Amino acid sequence: MVWGLVLLSPSILLPFNAAASTELTRDVATVGQVAAVAVLAIALIQRDRAPWGSPDGSMSRVVIAAFLFVGTALGAVSALALESHLSHWAVVALVITDAGAAFVVCLAVIADAPRVAWYAAAAVFLSQAALGLSTDIVVDVISFLDSGAHALLHGHDAYAVHVLSPYRPADNARFFPPSLLDGRVVDAGFAYPPVVLLATTFGYLLGSVRLTGVLAMGLAVVIAGRRVEDSRAALLTLAPGMLAVFANSWTEPISVLLLVLAVVGFRRGSRWAPVWLGLLLVSKQYFVVAAPLVFLLLWADRRSAPRWREMGVTAASGFVGLVPFALWHPHDFWHSVVTFQFLQQLRPECPGLLIWSVEHLGWPPSAAYGVIPLVAGLGLAGLLAWRGPRHPAGFSAALAVVVAVSVTLSKQGFTNYWFFVIAALLVAWLTWPTQMKEATPE
């Protein structure tokens, strides 16, 4: 995993605004994505051998800590170029605090000093949250989240309302398909699954939908720290791209929280683990490709029977987290959650193999844009479900790789996707069994 993270670094370390990236940085990031997927997938096929050597070895700590520090420091510096509700000197102070505390976290983790690591990690997290929440940014994600939460609280179907574009009229066609635009009105409702809608509404009630991501990521870090009982867990606060995720109110922290709950739950034999797994799989549209990976958790040995009861709980949890809202207005739900995603345009400012191929080779045709990531993701998930390591950490690592291959073959690939990929790899690193007997629940 060490080299997989290093290869992914150009994707996560691109400028805060993807539009500011250059063709060279996008090409480098694309090469890194493809190489990382290949390296990690091949390593995971080796079954129960950790794909990064000794999971808690000193070399792993040093390399991963260094990678995370660079990502956090560059992310903090990028905040200096953003509009903020805070004064310039307040932003400078937070940036210095963020970078300095991140450095202390890395040193403390390398030296295995948990108390120092967690105090510094708290400073990193709070400074990133303050910078993200104070950023004055125009992004359609916040419009969708605000509109959905407002509709739900007023008794309306969030998937049946129309969203107003926050962009200038001249920019609308860049972000939305022209066929779905009527002036500033976008012919789509809430664009995320119901799990995100419910979580976002909680943040909306607290005063800002951005708070949802901050609270979800904070809970994920606390739970990982308490359950893993390893100073390395403090490194989750250094997941590169976190500041951008908070500022844009991207919803990946909700999925990271559910992933942590599922992984530590299965690791400890919790009866709630299948519930969290089911909710995780319906928390983002792109997790549809990860469905086969359930067998890594619920079918420990192909010579024995799958754990049907837990599979049923997982399926029921996903059903409850998805279907009730789908039945409210089925056509509107499908249009907003599925059709709208397929109609989204190719974003040439993002790195990715599909985007590179379209830009340089003129292939594949647009009709295949939505099919390729699904087929590739499901194919790799099937291979890893057959040959991958059958324990919670193996599931987390395999999920990261499957999402990564789907994203690099998609027509959009922003920081938030790679934030989740790296967070999932970190969760796998933290929970990887040091001995094979630890691969079974306690």
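Which residue in β3 is the bridge partner of L181? Hi everyone, that is where I'd like to start. The partner is V186.

Before going on, a word on the model. It is predicted, with local features needing pLDDT of at least 70 and side-chain atom pairs counting only at pLDDT 80 or more, while totals for chains, interfaces and linings use all residues. Residues are numbered from 1 along each chain as its sequence is written, and side-chain values use heavy atoms, leaving out hydrogens and water.

Back to the strands, which are DSSP runs of E, at least two residues, just as helices are runs of H or I, at least four, both numbered from the N terminus. β2 pairs with β3 (residues 185–186) in the antiparallel sense over 2 bridges; pairing asks for at least two DSSP bridges between the strands. The open sheet has 3 strands in the order β1-β3-β2, with antiparallel pairing. β1 (163–164) and β2 (181–182) are at the edges with a single partner strand each, so one side of each has no neighbour in the sheet.

Now to the helices. Helix α2 (residues 23–44) and helix α18 (residues 371–387) have axes that come within 9 Å and cross at roughly 30 degrees. Those axes are lines fitted to C-alpha atoms over the stretch in contact, with angles from 0 to 180 degrees between N-to-C directions. That makes α2 roughly parallel to α18 (under 35 degrees; over 145 is roughly antiparallel, 65 to 115 roughly perpendicular, the rest oblique). On α2 the contact is made by V37, A41 and L44, and on α18 by L380, L384 and R387, where contact means heavy atoms within 4.5 Å.

Helix α18 also holds G382. At 32% relative accessibility, G382 is partly exposed, meaning between buried (under 20% relative accessible area) and exposed (over 50%), with a 1.4 Å probe and protein chains only. The C-alpha atoms of G382 and P292 are 5.7 Å apart, though 90 residues separate them along the chain.

What about the interior? The largest nonpolar core has 132 residues, and L277, L293 and L399 have the most contacts inside it. Such a core is a set of buried Ala, Val, Leu, Ile, Met, Phe, Trp, Tyr and Cys residues joined through side-chain atoms within 4.5 Å. Helix α20 (residues 415–431) gives the largest share, 14 residues.

Last stop: T314, in helix α14 (residues 308–320). Is T314 buried or exposed? Buried, at 7% relative accessibility. Beyond its neighbours within four places in sequence, T314 contacts P274, L277, G278 and L298. Thanks, everyone!
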